[in-house]
Amino acid sequence: MIKTVLKILTLTLSITVVAAPDVSLGNPIVKDQPNHLFVFQQELGGGYIKIGNQILYRGREVKDASASSFKYLKDGYAKDAWKVYFRGNMIKEASASSFQVLTGGYTKDAWKVYFRGGPLQDASASSFQILDGHYTRDAWKVYYRGRVIPEASAGTFKLLEDGYSRDAWKVFHN
């Protein structure tokens, strides 16, 4: 009987997640260590983290995000070269190249206006303006916290004090 000795070589690979260092301090990024893989973790802000070539939002993978071009904007919004995200979810049809974060949860691109990650139906991006607080308008409608104020005239709408506003025909209170 022939005895065969099988020799198994075991390679142990350690994985270390390392926060991206401040390169401006001149610190070395990685020192050579055999059998050791370094994956860099970079906090982008607003709950977004880049680990290697993957983007996470509060521990959940951001699907199809391009890590090489991904950047956090503010207020839960982020974008890469092709897509826009709100709290880790892609905003369908948003244009990354023209996307702007405004205030009060409002954003817009060259064609549409969004409120807290969802499209503001029938709002005109070219005429959209923030008035004050949570009030906005475009050429045809007035909005309060992402909802149309029925019967308000955008052309004559004015903010008053203590939560009151008016147009040429009516007075409104939030």
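1. Two strands are said to pair if DSSP finds at least two bridges between them, and in this predicted model strand β18 and strand β19 (residues 164-166) are joined by two bridges and run antiparallel. One of the residue pairs that can be looked up here is Leu-159, whose bridge partner in β19 is Ser-165.

2. These strands belong to an open sheet of three strands, which has the order β18-β19-β20 and antiparallel pairing. Since β18 (158-159) and β20 (171-173) each have a single partner strand, they stand at the edges, and therefore one side of each is left without a neighbour in the sheet. As background for a reader new to sheets, the strands of a sheet pair through backbone hydrogen bonds, either parallel or antiparallel.

3. A further open sheet is formed by four strands in the order β6-β7-β8-β9, and here too the pairing is antiparallel. Its edges are taken by β6 (71-74) and β9, and because each of these has a single partner strand, one side of each is left without a neighbour in the sheet.

4. Within that order, strand β7 (residues 77-79) and strand β8 (residues 84-86) run antiparallel and are joined by three bridges. Lys-79 has its bridge partner in β8, namely Val-84, and Val-84 is also one of the residues in contact with Ser-95 when the sequence neighbours of Ser-95 within four places are left aside.

5. Is Ser-95 buried or exposed? Ser-95 lies in the loop between β9 (89-90) and β10 (100-101), and it counts as buried because its relative accessibility is 13%, where buried means under 20%. Apart from Val-84, and again leaving aside neighbours within four places in sequence, Ser-95 is in contact with Asp-109 and Trp-111.

6. Lys-112 is placed in the loop between β11 (106-108) and β12 (113-115). With a relative accessibility of 31%, Lys-112 counts as partly exposed, because that class is the one between the cut-offs of under 20% for buried and over 50% for exposed.

7. Which residues does Lys-112 contact, once its neighbours within four places in sequence are left aside? They are Glu-93, Thr-107 and Ala-125, and for Glu-93 there is a polar contact as well, made between its side chain and the side chain of Lys-112 at 2.4 Å.

8. A last point concerns the separation of Lys-112 from Ser-126, which stands 14 residues away from Lys-112 in sequence, while the two are 8.5 Å apart in space, C-alpha to C-alpha.

How values were computed
Residues are numbered from 1 along each chain as its sequence is written. This is a predicted model: local features need pLDDT of at least 70, side-chain atom pairs count only at pLDDT 80 or more; totals for chains, interfaces and linings use all residues. Side-chain values use heavy atoms; hydrogens and water are left out. Buried means under 20% relative accessible area, exposed over 50%, partly exposed in between (1.4 Å probe, protein chains only). Contact means heavy atoms within 4.5 Å. A polar contact is a pair of N or O atoms within 3.5 Å; within protein, one must be able to donate a hydrogen and the other to accept it, and residues adjacent in sequence count only if both atoms are side-chain atoms.
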